Amino acid sequence: MNSVNQFNSAGELTHLLTLEGLPKEQILHILDTAKQFVSITDPSREVKKVPLLRGKSVFNLFFENSTRTRTTFEIAAKRLSADVINLDISTSSTAKGESLLDTIDNLVAMQADIFVVRHSVSKAPIEIANHVPAHVHVVNAGDGSNQHPTQGLLDMYTMRHFKQNFKGLRVAIVGDIVHSRVAKSNIHALTTLGCEDIRVIGPESLLPSDLDMLGVKVFHSMEEGLKDVDIVMTLRIQKERMEAGQVPEGDAFFKQFGLNPARLSLAKADAIVMHPGPMNRGVEIDSAIADGPQSVILNQVTFGIAVRMAVMSIIAGN
Amino acid sequence: MNAESLYQKLLENLRSRLQYGPFELAGLAMGGAWIAQRLAQDLGLPHYGVINVAFHRDDYAEKGMTALRTSSTMPTKLPFDVNGANIILIDDVLFTGRTVRAALNELFDFGRPAQVELMVLADRGKRELPVSANFVGEAIKVPDQKILVLEKDGAGRFSFQLEERE
């Protein structure tokens, strides 16, 4: 019932639900397309908008709050000339099931073309994609602790922008991996793109048990894990998804796993620091790093708009 | 049909055109941009522009973004102020006129030119839109199911290939 199928009968990408199993060629097509869209904010272009999705309606369905992701999807859709309708539907997991699909049916009856779905329940976007008629497209904007494919893609875009090649790259993902859909999407995409050295660093309680299966190296010490890496990706400690005592609180976590200047100096001199946001300064990252010369955190946000334009224009055209 | 001699003809056209006042060259990706690059070099112009029509194509609903695949390495780049400029659009082949329509839309996203002219290496006729070229290398007949593709060899020399439409 909830099997993931993001391709149409012609084998073209019609939804974006997960990066797991998304072929390399597709990922590169999205990144190349995004590169084109980055150019539309060139200062010499007076009209920073293209007509590809003119007359289409994009519904932002955020069952879980996220200002940054929702805003960048909205900007992306508007730069493609789509009409955007934002629905903030905060709801509990129990409101899933039939009532969720009833909501979707109503919005389809209002001529929705694309649903951008953020949900606290894993695989809710998959359920929606399996339910909608063929001309409607679904983008997963983060589902529970499962996947956040557009974040993974914008991270790939950022890495490619600064480091060009994935082969030979050493990437460390730090912190709360077990609750992180971002970490999962990144690991899948990096593996597909040929990155051979992916590391995760964090306390035992925040690392999932199946990491070896994903082919990543596990470290419990920042000092060991950060050695000679090209990219450090810090993740937010997701308190809302934790039980009490699962992780050392604020200060203690920062002491053990916070990214500070001394630790970053163990990475390559030209290493970049990424964070999907929102950041907890003084918990997973030192302000001196977040605002420092190696930080590309705000570049990630800017690239995110172009990547979301690429995703929406590709799926809506298939 | 010799693409090289057609190119030389266009180059002479532009040399004469220079005496009527300055202009900017803008070549359509990919073939037109190759021609514009070479013309700018041969005429000693400081720069040339590239126009990528992907964002304004009228077959998006039908073909989606696949059209972007071939041209994604060459985004629009206009290293001059479009406002008030006399612009010569350059393309390898003029056919239905749809690409030129898209190119005008893309160009106008950058400003309001004073004048736009069109120069093409080959004009295969069968227009579907009211578009005509100011400078034409040669008018030629090509069977409807074929496409005429400009190629550039290692030495930068042009040739035309006739290919089957996909």
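Mentor: Let's start with a definition: a crossing is right-handed if the near helix is turned clockwise from the far one by less than a right angle, and left-handed if the turn is anticlockwise. Keep in mind that this is a predicted model.

Trainee: Okay, so is the crossing of α1(A) and α5(A) left-handed or right-handed?

Mentor: α1(A) and α5(A) cross in the right-handed sense.

Trainee: What else do I need to describe a helix pair?

Mentor: The general idea is that two packed helices are described by the angle between their axes and the distance between the axes. Here, the axes of α1(A) and α5(A), the latter being residues 149-163 of chain A, come within 10 Å and cross at roughly 70°.

Trainee: Which residues of α1(A) and α5(A) make the contact?

Mentor: From α1(A) you have Ile27(A), Ile30(A), Leu31(A) and Ala34(A), and they meet Leu153(A), Met156(A), Tyr157(A) and Arg160(A) of α5(A). Sorted by class, this contact has seven nonpolar residues, no polar ones and one charged.

Trainee: Now for domains. How is chain A divided?

Mentor: Chain A has domain 1 (24-148 + 302-317) and domain 2 (150-300). For a pair of domains, look at how their centres are spaced and which residues touch. The C-alpha centres of the two domains of chain A are 26 Å apart, and 20 residues of domain 1 are in contact with 24 residues of domain 2.

Trainee: Which element gives the largest share on the side of domain 1 of chain A?

Mentor: That's α11(A), with six residues. The elements giving two or more residues to this side are α1 (24-38), β4 (137-143) and α11 (297-317) of chain A. By class, the side has nine nonpolar, seven polar and four charged residues.

Trainee: And the contact between the chains: how many residues come from chain A and from chain B?

Mentor: Chain A puts in 17 residues and chain B 15. On the chain A side, α1 and α11 give two or more residues each, and α1(A) has the largest share, five residues. This side of chain A divides into five nonpolar, eight polar and four charged residues.

Trainee: Where do I find Ile128(A)?

Mentor: Ile128(A) is in α4(A), where it is one of the buried residues. Helix α4 (residues 124-131) of chain A is mostly covered, with six of its eight residues buried.

How values were computed
Residues are numbered from 1 along each chain as its sequence is written. Chains are lettered from A and ligands numbered from 1 in the order in which they are written. This is a predicted model: local features need pLDDT of at least 70, side-chain atom pairs count only at pLDDT 80 or more; totals for chains, interfaces and linings use all residues. Domain bounds come from an automatic or database domain assignment. Two residues are in contact if their C-beta atoms, placed from the backbone, lie within 7 Å. Helices (H or I, at least four residues) and strands (E, at least two) are DSSP runs, numbered from the N terminus. Ala, Val, Leu, Ile, Met, Phe, Trp, Tyr, Cys and Pro count as nonpolar, Asp, Glu, Lys and Arg as charged, and the others, Gly among them, as polar. A residue is buried if 20 or more other C-beta atoms lie within 10 Å of its own, exposed if 12 or fewer, and partly exposed in between; C-beta atoms are placed from the backbone. Axes are lines fitted to C-alpha atoms, for helices over the stretch in contact, and angles run from 0 to 180 degrees between N-to-C directions.
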